[in-house]
Amino acid sequence: MVGQLSGCDRHIQKRMVWHFLLVEDDLGLRVGEGLGIGPDQVRHLQPLPRQTLTAEDKERLASLGKNGPRDVAGLTMTHCVPNERVVVSR
């Protein structure tokens with residue numbers, strides 16, 4: 001990710017780090033470190049105009065970079081992102 005984003009304009013790099021931090025702290029922190037962008041540099045960014053945030057997303061934004069791992073118990077992984085629309089019964 002760092003290699004691919006290195007060729008992008010800085011504002012795009014910051015937006016992507018913001019998104020990665022929203023998804024998972026470790027991912028956002030690692031990509032941000034590779035680009036020289038920390039959570040404090042993207043904390044001020046607002047959601048995109050057509051982006052709808054869940055209550056959980058809003059909570060994560062309040063502590064961007066300090067949320068710890070997400071609880072994905074009971075969710076089915078699709079590619080590398082938990083699919084919250086699929087409930088796994090065990």
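Helix 2 and helix 5 are roughly perpendicular to each other, in what is a predicted model. Their axes are 9 Å apart and meet at an angle of about 115 degrees, and angles of 65 to 115 degrees count as roughly perpendicular. The protein chain that holds these helices has 90 residues, with 5 helices and 2 strands.

**Helix 2 against helix 5**

- Helix 2 covers residues 10–23, and helix 5 covers residues 55–62.
- The two helices cross in a right-handed sense.
- Helix 2 brings Trp 18, Leu 21, Leu 22 and Val 23 to the contact, while helix 5 brings Asp 57, Arg 60 and Leu 61.
- Sorted by class, the residues of this contact are 5 nonpolar and 2 charged, with no polar ones.

**Asp 25**

- Asp 25 belongs to helix 3, which spans residues 25–35.
- The relative accessible area of Asp 25 is 5%, and a residue under 20% counts as buried, so Asp 25 is buried.
- The side chain of Asp 25 comes to 3.4 Å from the backbone nitrogen of Lys 66.
- Lys 66 is also one of the residues in contact with Asp 25 when neighbours within four places in sequence are set aside.

**Gly 3**

- Gly 3 sits in helix 1, which runs over residues 2–5.
- Gly 3 has a relative accessibility of 59%; the cut-off for exposed is over 50%, so Gly 3 counts as exposed.
- In sequence, Gly 3 and Gly 34 are 31 residues apart. In space, the distance between them is 8.6 Å from C-alpha to C-alpha.

**The chain as a whole**

- Read from the N terminus, the order of elements is α-α-α-α-α-β-β.
- Buried residues account for 28% of the protein chain, and Asp 25 is buried.
- Of the contacts with a separation of 6 or more, 54% are between residues 24 or more positions apart.

Notes. Residues numbered from 1 in each chain as written. Predicted model: local features only at pLDDT ≥ 70, side-chain atom pairs only at ≥ 80, totals over all residues. Heavy atoms only, no water. Axes fitted to C-alpha atoms, helices over the stretch in contact; angles between N-to-C directions. Helix = DSSP H or I, 4+ residues; strand = E, 2+ residues; numbered from the N terminus. Parallel < 35°, antiparallel > 145°, perpendicular 65-115°, else oblique. Left-handed = near helix turned anticlockwise from the far one by under 90°. Contact = heavy atoms within 4.5 Å. Nonpolar A, V, L, I, M, F, W, Y, C, P; charged D, E, K, R; others polar. Buried < 20%, exposed > 50% of the residue type's maximum accessible area, 1.4 Å probe, protein only. Polar contact = N/O pair within 3.5 Å; in protein donor to acceptor, adjacent residues only side chain to side chain.
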